[in-house]
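Q: Could we go through this structure together? I would like to start with the helices and then turn to the chain contact.

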Amino acid sequence: MILNWMGLAAAAATFFGIWFGHVGVRKIEAASPTIWAPTVIALTLGLALEAGALLANNLYLSGALGIVGMTVLWDALEFSRQHKRIAHGHAPANPNNPRHARLLSEYKSATTTNWLDRDPVGHPVKPETSLLEAEGTK
Amino acid sequence: MNLFGLGLGLVTLFIIGLGFVWVIRGEYYLGYLWWPYIMGLGFLLIAASLFIPSVWGSALLGAVGASLVWGSTELKEQAVRAEIGWYPFNPNPKPQPPFAEQIKKWPAPHL
């Protein structure tokens, strides 16, 4: 039987795209003093990857470039969404980043605490007490 | 001009988008402790894609499998989001997966 490796290539590209969309976008947004710079870079890179997908004769390469390119294009939007998450306190701010420092001073909800960095406790809980409670259940 | 990659990228983006929906609904109704089973199903689909002769069929099965593996790593954080009120919290008892007590001792992975 001949194995078809296309699924594995698509899976690897999909997982890499999602991983970068989560971890990479978070780290780059936290470090970048502006939102427009990473947005423009992601747009350019995403379009270049899609152009590569169109020009590639190899199906594996075309598929992988198409998937990663599309996720990078989505990441261009995610930088702005991550900025809003920081303002709302849904992601921790980096006080050493001047843009985040401004959000910390302008928005009461902005925080340097990562509310998600704990195990579930099984019932509703206020964010302010959730980390202590989760620590107590360990 | 090869349209395969562009098309596959668009469909995969849709599959990833669906992932956000099922992670929210799945955590709400089942809870996060099902993560090893969803991760296992994802890897099973990726392995099954090796035996699909169709290029599109294999690629889509692989993308769905990877999306399931990723989603399994999101369930724990989604449970925390619901507990602190960012998403609706389901107060009803959730079905416990087989070996739930063992799974509780494992650190749930997240990206």
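This is a predicted model: local features need pLDDT of at least 70, side-chain atom pairs count only at pLDDT 80 or more; totals for chains, interfaces and linings use all residues.

Q: Which residues of helix 2 of chain B are buried?
A: The buried residues there are B:Trp35, B:Ile38, B:Gly42, B:Leu45, B:Ile46 and B:Ser49. They lie on the same side of helix 2 of chain B, because they cover an arc of only 100 degrees around the axis.

Q: And what do they pack against?
A: The buried residues of helix 2 of chain B pack against helix 1 (6-31) of chain A together with helix 3 (55-83) of chain B.

Q: What span should that helix have, at 1.5 Å a residue?
A: Helix 2 of chain B has 15 residues (35-49), so it should span 21 Å; its end C-alpha atoms are 21 Å apart, which agrees.

Q: Next topic: at what angle do helix 1 and helix 3 of chain B cross?
A: Their axes cross at roughly 35 degrees and come within 8 Å. The crossing of helix 1 of chain B and helix 3 of chain B is right-handed. By class, their contact has 15 nonpolar, 6 polar and 2 charged residues.

Q: Which residues meet there?
A: Among them are B:Leu8, B:Val11 and B:Trp22 in helix 1 of chain B, and B:Ala59, B:Leu60 and B:Trp70 in helix 3 of chain B.

Q: Now the chains: how many residues does the contact take from each?
A: The contact takes 39 residues from chain B and 40 residues from chain A.

Q: Which helix of chain B gives the most to the side that touches chain A?
A: Helix 3 of chain B does, with 17 residues. By class, the side of chain B that touches chain A has 25 nonpolar, 10 polar and 4 charged residues.

Methods
Residues are numbered from 1 along each chain as its sequence is written. Chains are lettered from A and ligands numbered from 1 in the order in which they are written. Helices (H or I, at least four residues) and strands (E, at least two) are DSSP runs, numbered from the N terminus. The expected span of a helix is 1.5 Å times one less than its number of residues. A residue is buried if 20 or more other C-beta atoms lie within 10 Å of its own, exposed if 12 or fewer, and partly exposed in between; C-beta atoms are placed from the backbone. The arc is that of the directions from the helix axis to the C-beta atoms. Two residues are in contact if their C-beta atoms, placed from the backbone, lie within 7 Å. Axes are lines fitted to C-alpha atoms, for helices over the stretch in contact, and angles run from 0 to 180 degrees between N-to-C directions. A crossing is left-handed if the near helix is turned anticlockwise from the far one by less than a right angle, and right-handed if clockwise. Ala, Val, Leu, Ile, Met, Phe, Trp, Tyr, Cys and Pro count as nonpolar, Asp, Glu, Lys and Arg as charged, and the others, Gly among them, as polar.
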